[in-house]
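This report goes through one protein model, from its overall make-up to individual residues. The sequence and structure come first.

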Amino acid sequence: MDQVSGAQLGSHNVQNNYFGAAPGAPGRRPAVTPVRQVSPRLLGVHAAIQVDGAEGDLPAYVARDVDERLRRGLAEAAGRGGFVLLVGGSSVGKTRALYEAVLDTLPDWGLVHPAGPAEVRSLAEEPPPRTVVWLDELQTYLTPLDAPQSPAGRDAETIAADAVELIRGGTVLAGTIWPVEVDARMAWPVSQTGPGRDRKLLDFATKIGIDGAFSAAEKRRASDLASADPRIRVALRSSDAGFTQVLAAGPELVRRWEQASDPYGKALITVAVDARLIGISGTVPLSALVAAVPAYLTNAERATAPPGWIDRAVAYATAPLLGAAAALSPVAGESMGEVAGYQIADYLFQHAVGARHRRAVPDTTFLALASLDTTATLGRVAEALGRLSLAEPLYRRSGVAYALAQFLDRRGRGDEAIEAIRGADAAGDEDAGWLMIGLLARYGRFTELRARARRGDWHAAFVLVREGKPGARWQDEIISTLVENGRVDEAIELLRHRADDGEIYAAETLSTMLVSMGRIDEVRERVERGDATARWVLADHAEWEEREALIDALRERAARGSRAARRRLAELLGEQYP
C-alpha cells in the first residue's frame, strides 16, 4: 500500500502541514515527530476496503516474508546511518510493511517526511540525530526519467547528493520505489547530471524486494487473522489482483463507479455489474456491453454522446486504480492483442450485490446479453422477477428446449410445451425424453404414450401403468419386445409394478422369469411379502429341482446295472413326457 491519492489526503505539502512545514517554503526545515505518534495514513498507507464489521482505517497487519530483512536493515542503518529502500510494484504493501518495520525497530526515534528536495537539503545542512527521513515513492524526489533536463537547460532538482550527506551524518533514510524506476536509473552511469546523479544514492541503499503476490506462508498468516478482520476475508476471496492490491484499490473501485466523472464509463461498468447480477459470470464482449448502455443514460446524455464515446468509456472503465485492480479487466482472445471481452472486478461486484438489485436491471440488458446465455439462466431470472413477457423470448433465444418446455408447461400451455421439446426428444436427449413422457401423461395424450411404449420405451409403459390406463394386451406386447431386445431388467420392472398392483398374470410371469434367471432370492422376498403366486411358483420350482435330482441319480444307478433304477426311471420319464 503506497502513495495516498489526492482525493484522500491531497499533495505532499498537505501531508507536511501535519509535521509543521509550510506549503512550498523552500529550505524550511520540517518538524520532527516521534515515530510512535505518526499516522500511517499520513505517510502514504492507503485506507482499506470498506466491509461491514471492520473497525478502523487499516486492517490488521499481515506479516510479510521480508519483515525480518527490513528490521535488520533498519537496525544496521540506525548504528551508522543508512538507507533502506523497499522495491516493489504499485499497491503491493510496500508502505505499510516499511511503516510497521520502522515502528517496530525505531519506535523512540523521530520521523520527518520532507515535502520535496528543498526540505531534504535543509535537513542535510545539519542532520538531525536519531531521525528517520521518510521517502515514500522515492521516484517523486528524483530526476524524472523522461526529462533529464528542464526546458531551460538546467538539471531538474534532485535529492541525491543531499540524501547521501544525510546518510553520512548518521540519519536513517526509509523509502519505497517501483522496480522500473530502479532498473532505469541503475542502467545509467554515475554522473553529475540527469538520472546519473541518482545512481550514487541508489548504490548507497540497501535494496529489498517485495513480491506483489502473497506467498503460501503469507496467505497462512492472513488466514489466521481473517476471523478477526472481515476485510482480510474479502481480500483472500478476491481474484482481481493480489491481496494488498484488493485491500488498497477497493475504495477507489467503488468511487470510480458510484462517483464517476464520465457517464458513459459509469454506464459501461454498471452494465457489467448487472450482467453478473443476473447470471452472466464469464466474459462479456464489448458489443454486448455497448448494446445495453443507452438504458443507463439520460435522454440528454444519449443525444449529446460525443464521437468516440465508446473508446472513452472503455478507457475510463479499464484504467488501473493505484496501479492495481480496474473496474473492468480485458480478457484475451485467441490471437495476440485480441480482446474477447471484459470482466467486472470481484470486489466491485461484491459491493454491488449490497448496493444494487437485479430488479433494477433493464429489459434491454437482458436482451443484449441473450446471445451469451446457453443455460437459460436469463429466462429463469426474468421469470423469477415476474417479467413473463421477457422470460419467454429469453428462453427461446437460449436454445435450451428443456427449459422452454418447462416454462410453457408452468404457464399451462401443454401443447406448445410438447412441441418445444419434440426436437430434442427425437435427437435422443434422455432428459428431453423423460420430460416429453411426463408432458404427454399430464395432458392426456395417451395414444402417443402407447406408441412410445410399443416401440420399447419402458418408461412410457411404466407411466401408463402408473396412470391406470387399460390395455393388458399391448402391455404384454411391450414386455415381449423388451425381452426380445435384451432389455430384460426393464421388462421385469414393468411386470413388478403390475404385479404389485395385484395382476395375477403379471405376478406369475414375473416370478417365472426370475426363477429362470436364477434370481430365486427375489422370488423368496415376494413370498415373504405375501405374494401367493410367487409362493406356488417357488414351490413348483423346488419340486422340479427335486425330480431332476432324482432322475439324475437313477440314471447313474441304471448305468451301473440296477434293474430297479431302470424301472423307476422309466416311470418318472413317462410322467414327464406322456
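## Loop residues with positive phi

Arg 130 sits in the loop that runs between α4 (117-125) and β4 (131-135). Its phi is positive, about 45°, although Arg 130 is not a glycine. The model is predicted, and this angle is a value computed from it. As a rule, most residues other than glycine have a negative phi.

Glu 137 is another non-glycine residue with a positive phi, near 55°. It is placed in the loop between β4 and α5 (160-168). Is Glu 137 buried or exposed? Its relative accessibility is 2%, so Glu 137 counts as buried, the cut-off for that class being under 20%.

## Overall make-up

The protein contains 29 helices and eight strands. Of its 578 residues, 46% are buried. Among contacts between residues at least 6 apart in sequence, 66% join residues that are at least 24 apart.

## The largest nonpolar core

The largest nonpolar core has 89 residues. Which of them touch the most other members? They are Leu 268, Ile 269, Phe 366 and Leu 449. Helix α11 (residues 263-277) supplies the largest share of this core, with nine residues.

For Phe 366, the contacts beyond four places in sequence are Ile 278, Val 361, Leu 378, Val 381, Ala 382, Leu 385, Arg 387, Leu 390 and Leu 394. One of these, Leu 378, is also touched by Ile 280.

Ile 280 belongs to the loop between α11 and α12 (286-292). Ile 280 counts as buried because its relative accessibility is 9%. Leaving out residues up to four places away in sequence, Ile 280 touches Ala 275, Leu 369, Leu 372, Asp 373 and Leu 378. Between Ile 280 and Leu 378 there are 98 residues of sequence separation, and their C-alpha atoms are 8.2 Å apart.

## Val 66

Where is Val 66 found? It is in the loop between β1 (33-34) and α2 (67-80). With a relative accessibility of 10%, Val 66 counts as buried. Its contacts, apart from neighbours within four places in sequence, are Leu 86, Ile 208, Gly 209 and Ile 210. The C-alpha atom of Val 66 is separated by 9.8 Å from that of Leu 98, which is 32 residues away along the chain.

## The two sides of α8

Helix α8 covers residues 216-226, and within it Glu 218, Ala 222 and Ala 226 are buried. Why do the buried residues of α8 line one face of the helix? Seen down the axis of α8, they fall within an arc of 85°, so they line one face. In general, an α-helix has 3.6 residues a turn, so residues three or four places apart point the same way. The other side of α8 has the exposed residues Ala 216, Arg 220 and Asp 224.

Helix α25 (residues 488-500) and helix α26 (residues 504-516) have axes that come within 8 Å of each other and cross at roughly 145°. The crossing is left-handed. On the α25 side, the residues in contact are Val 488, Ile 492, Leu 495, Arg 496, Arg 498 and Ala 499. On the α26 side they are Tyr 505, Ala 506, Ala 507, Thr 509, Leu 510, Met 513 and Leu 514. Sorted by class, the contact has ten nonpolar residues, one polar residue and two charged residues.

Arg 526 lies in helix α27 (residues 520-528). Its relative accessibility is 3%, and therefore Arg 526 counts as buried. Not counting residues up to four places away in sequence, Arg 526 touches Arg 496, Ala 499, Asp 500, Leu 510, Ser 511, Asp 531 and Ala 534. Arg 496, Ala 499 and Leu 510 in that list also take part in the contact of α25 with α26.

## Ala 451

Ala 451 is in helix α22 (residues 446-454). At 29% relative accessibility, Ala 451 counts as partly exposed. Ala 451 and Ala 461 are ten residues apart along the chain, and 9.4 Å separates their C-alpha atoms.

Note on methods
Residues numbered from 1 in each chain as written. Predicted model: local features only at pLDDT ≥ 70, side-chain atom pairs only at ≥ 80, totals over all residues. Heavy atoms only, no water. Axes fitted to C-alpha atoms, helices over the stretch in contact; angles between N-to-C directions. Helix = DSSP H or I, 4+ residues; strand = E, 2+ residues; numbered from the N terminus. Left-handed = near helix turned anticlockwise from the far one by under 90°. Contact = heavy atoms within 4.5 Å. Nonpolar A, V, L, I, M, F, W, Y, C, P; charged D, E, K, R; others polar. Buried < 20%, exposed > 50% of the residue type's maximum accessible area, 1.4 Å probe, protein only. Core = buried A, V, L, I, M, F, W, Y, C linked by side-chain atoms within 4.5 Å. Arc of directions from axis to C-beta.
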